[in-house]
Amino acid sequence: MIALGTTNPAKVRAVQAVFTTTEIKALSVSSEVSAQPFSDEETVEGAINRARNAKVEANVAIGIGLEGGVVETDRGLLLCNWGALLASDCEPVIAGGLRIPLPEDFVAPLKSGRELGEIIDEYAKKENVRQNEGAIGILTGGYISREQVFTDIVKALVGQYKQLKSCR
């Protein structure tokens with residue numbers, strides 16, 4: 001069994017797409033970071049914390065954490081996504097995903113403390129975008145979904161983990 005530190009349906013589907021024959025226990029655990037992570041460092045920390053907290057709560061050998069955030073750059077705010085895999089026998093393995101710029105209209109609300117999920121719902125005139133196509137799905141016109149981004153991240157986590165000789 002693998003513990004996943006979220007119950008978000010898009011993230012759960014991403015993990016299930018990679019671990020097709022393994023039971024996944026999705027748990028609502030704390031990321032121990034801001035509700036809206038605002039840097040790569042904070043987003044990675046949130047993913048690691050979710051992996052650790054899920055692993056401990058489920059009392060299993062492997063925990064996975066997936067976290068979305070934003071990163072401030074010279075070109076504006078970028079969407080970022082990170083994942084972490086924490087196994088009993090090694091340090092956390094991390095992987096990041098696709099980045100795209102967020103619309104300029106999102107900057108002020110994000111900087112004032114609003115979450116991207118709320119903002120993208122208003123922008124798209126939909127509810128629960130974060131649990132479905134995600135901001136990436138809306139901002140790419142459906143060409144890429146949140147589930148796809150996190151599936152690639154989980155694949156990168158598993159691939160790295162399997163290559164780490166010291167973790168076997």
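1. Start with the loop between S4 and S5. Beyond its neighbours within four places in sequence, glutamate 91 is in contact with Leu85 and Leu86. Contact here means heavy atoms within 4.5 Å. Glutamate 91 sits in the loop between S4 and S5. Strands are DSSP runs of E with at least two residues, helices are runs of H or I with at least four, and both are numbered from the N terminus. Glutamate 91 is exposed, at a relative accessible area of 64%. Exposed means over 50% relative accessible area, buried under 20%, and partly exposed in between, using a 1.4 Å probe and protein chains only. Arginine 75 is 16 residues from glutamate 91 along the chain, and their C-alpha atoms are separated by 33 Å.

2. A word on the basis. This is a predicted model, in which local features need pLDDT of at least 70 and side-chain atom pairs count only at pLDDT 80 or more, while totals for chains, interfaces and linings use all residues. Residues are numbered from 1 along each chain as its sequence is written, and side-chain values use heavy atoms, with hydrogens and water left out.

3. The largest nonpolar core has 37 residues, and Ile64 and Leu85 have the most contacts inside it. Such a core is a set of buried Ala, Val, Leu, Ile, Met, Phe, Trp, Tyr and Cys residues joined through side-chain atoms within 4.5 Å. Helix H6 (residues 146-163) gives the most to this core, with 7 residues. A second, separate core has 9 residues, among them Ala51, Val71, Ala84 and Leu86.

4. Leucine 85 deserves a look. Leaving aside neighbours within four places in sequence, leucine 85 is in contact with Ile62, Gly63, Ile64, Glu91, Pro92, Val93, Leu157, Val158 and Tyr161. Leu157, Val158 and Tyr161 are also among the buried residues of H6.

5. Check H6 itself. Its 18 residues should span 26 Å at 1.5 Å a residue, and its end C-alpha atoms are 26 Å apart, so the two agree. The expected span is 1.5 Å times one less than the number of residues. The buried residues of H6 also include Arg146, Val149, Phe150, Thr151, Ile153 and Val154. Its buried residues pack against helix H1 (9-18), strands S3 (62-73), S4 (76-87) and S5 (93-96), and helix H5 (134-139).

6. Asparagine 49 is buried, at a relative accessible area of 9%.

7. Next, the charges. The structure holds 8 salt bridges. Each is a side-chain nitrogen of Lys or Arg within 4 Å of a carboxyl oxygen of Asp or Glu. One of them joins glutamate 72 and lysine 111 (2.6 Å, N to O). This pair links distant parts of the chain, with glutamate 72 in strand S3 and lysine 111 in helix H3 (residues 107-111), 39 residues apart. Glutamate 72 is partly exposed, at 48% relative accessibility.

8. Glutamate 115 and arginine 130 meet at 3.1 Å, N to O. Glutamate 115 lies in the loop between H3 and helix H4 (116-124), and arginine 130 in the loop between H4 and H5, so the pair ties together parts 15 residues apart in sequence. Arginine 130 is partly exposed, at 33%. Glutamate 122 and arginine 114 form a salt bridge at 2.6 Å, N to O. Arginine 114 is partly exposed, at 26% relative accessibility.
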